[in-house]
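The structure itself is shown first, and the commentary follows.

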Amino acid sequence: MDFCGPYDKQLADQHRPTLKTPLLAGWEFWDRSSPLQGKAGWQTLAKVNDWVLTKFLREELLSGNQAVVITDVNQLIQYVNESFEKMTGYVSEEAVGRRPSFLQGQATSLAARQRMREAIGKRKPINGRLINYRKDQTPYVCHVKIRPILNSQREVVNFIAFEQELPARERKRKV
């Protein structure tokens, strides 16, 4: 049987926009669906992952005052809101599938990153300040609140980060 015939070419042409890279075993066809967007985006994640949301988390998600980043347990971004897009300059399609660390850079405190990494590893909530970088590489200081999200079986299924850029007067405090 010849697996490199015209059918494979037709299939490759049909899936050209979703083609990734060649693997040792052949081509990988990955149908990357569009990122979850708007309020319906996080609500879809909530339904699919059977979230048990506290009143506090639900109110913060609905307020829309802060940038919201939702990751899976492996820290891959599954959802960002419009406030995130405005604050960072990255649109949803550029952020989904990446780790939040892509926003960090040379001036980001290693100690703050370590504290957050440890809390996430222990599945505990944490607050902190970070220097992150916008798409145009300008730094900004933000206050980050990371919370684990549990499902009805009391398992951590996602993490949610609420981020808010700090005004200039508050940036002077040590990050």
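## Salt bridges

A salt bridge is counted where a side-chain nitrogen of Lys or Arg lies within 4 Å of a carboxyl oxygen of Asp or Glu. The model discussed here is a predicted one, and a search of the whole structure finds 4 salt bridges. One of them joins the side chains of glutamate 165 and arginine 134, with a distance of 2.6 Å from N to O. Because glutamate 165 belongs to strand E8 while arginine 134 sits in the loop between E6 and E7, this pair ties together parts that are 31 residues apart in sequence. The two partners fall into separate accessibility classes: glutamate 165 is partly exposed, with a relative accessible area of 27%, whereas arginine 134 is buried, at 19%. The value for arginine 134 can be read against the cut-off, since buried means under 20% relative accessible area.

The loop between E6 and E7 also holds lysine 135, which pairs with glutamate 94 of helix H5, so that parts 41 residues apart in sequence are tied together.

Lysine 145 is part of strand E7 and glutamate 60 is part of helix H3 (residues 55–63), so the contact ties together parts that are 85 residues apart in sequence.

## An aromatic pair and a charge over a ring

How many aromatic pairs are there in the model? The count comes to 1 aromatic pair, formed by tyrosine 90 and phenylalanine 102 in an edge-to-face arrangement, with 4.8 Å from centre to centre and 85 degrees between the planes. Tyrosine 90 is placed in the loop between helix H4 (82–88) and helix H5 (92–95), and phenylalanine 102 in the loop between H5 and helix H6 (110–121), so the pair ties together parts that are 12 residues apart in sequence. Tyrosine 90 counts as buried, with a relative accessibility of 9%, and phenylalanine 102 counts as buried as well, at 17%.

Phenylalanine 102 takes part in another contact, for the charged end of arginine 98 sits over the ring of phenylalanine 102, at 4.0 Å from its centre. Arginine 98 can also be placed relative to threonine 71: these two residues are 27 apart in sequence, and their C-alpha atoms are 9.2 Å apart in space. Threonine 71 lies in strand E4 and, with a relative accessibility of 3%, counts as buried.

## The largest pocket

Rolling a probe the size of a water molecule over the atoms shows where empty space is left. In this model the largest pocket has a volume of about 430 Å³. Its lining is made up of 20 residues, of which Gln75, Pro100, Ser101, Gln104 and Ile120 are the closest to the centre of the pocket.

Which elements each supply at least two residues of the lining of the largest pocket? They are strand E4 (67–72), helix H6, strand E6 (126–133), strand E7 (139–151) and strand E8 (156–165). By residue class, the lining of the largest pocket divides into 11 nonpolar, 5 polar and 4 charged residues.

## Residues with positive phi

Where is aspartate 50 placed? Aspartate 50 is in the loop between helix H2 (38–48) and strand E3 (51–52), and although it is not a glycine, aspartate 50 has a positive phi of about 60 degrees. At 34% relative accessibility, this aspartate counts as partly exposed.

Glutamine 137, which is not a glycine either, has a positive phi of about 75 degrees. Glutamine 137 is found in the loop between E6 and E7, where arginine 134 is also located. With a relative accessible area of 51%, glutamine 137 is classed as exposed, the cut-off for that class being over 50%.

Key: Residues numbered from 1 in each chain as written. Predicted model: local features only at pLDDT ≥ 70, side-chain atom pairs only at ≥ 80, totals over all residues. Heavy atoms only, no water. Phe/Tyr/Trp six-rings, centres within 6.5 Å; stacked < 30°, edge-to-face > 60°. Helix = DSSP H or I, 4+ residues; strand = E, 2+ residues; numbered from the N terminus. Buried < 20%, exposed > 50% of the residue type's maximum accessible area, 1.4 Å probe, protein only. Lys NZ or Arg CZ within 6 Å of the ring centre and 35° of its normal. 1 Å grid on protein atoms, 1.4 Å probe; cavity = no way out; pocket = protein on both sides within 12 Å on 5 of 7 lines; lining within 4 Å. Points joined across faces, edges and corners; volume = space filled by probe spheres on them. Nonpolar A, V, L, I, M, F, W, Y, C, P; charged D, E, K, R; others polar.
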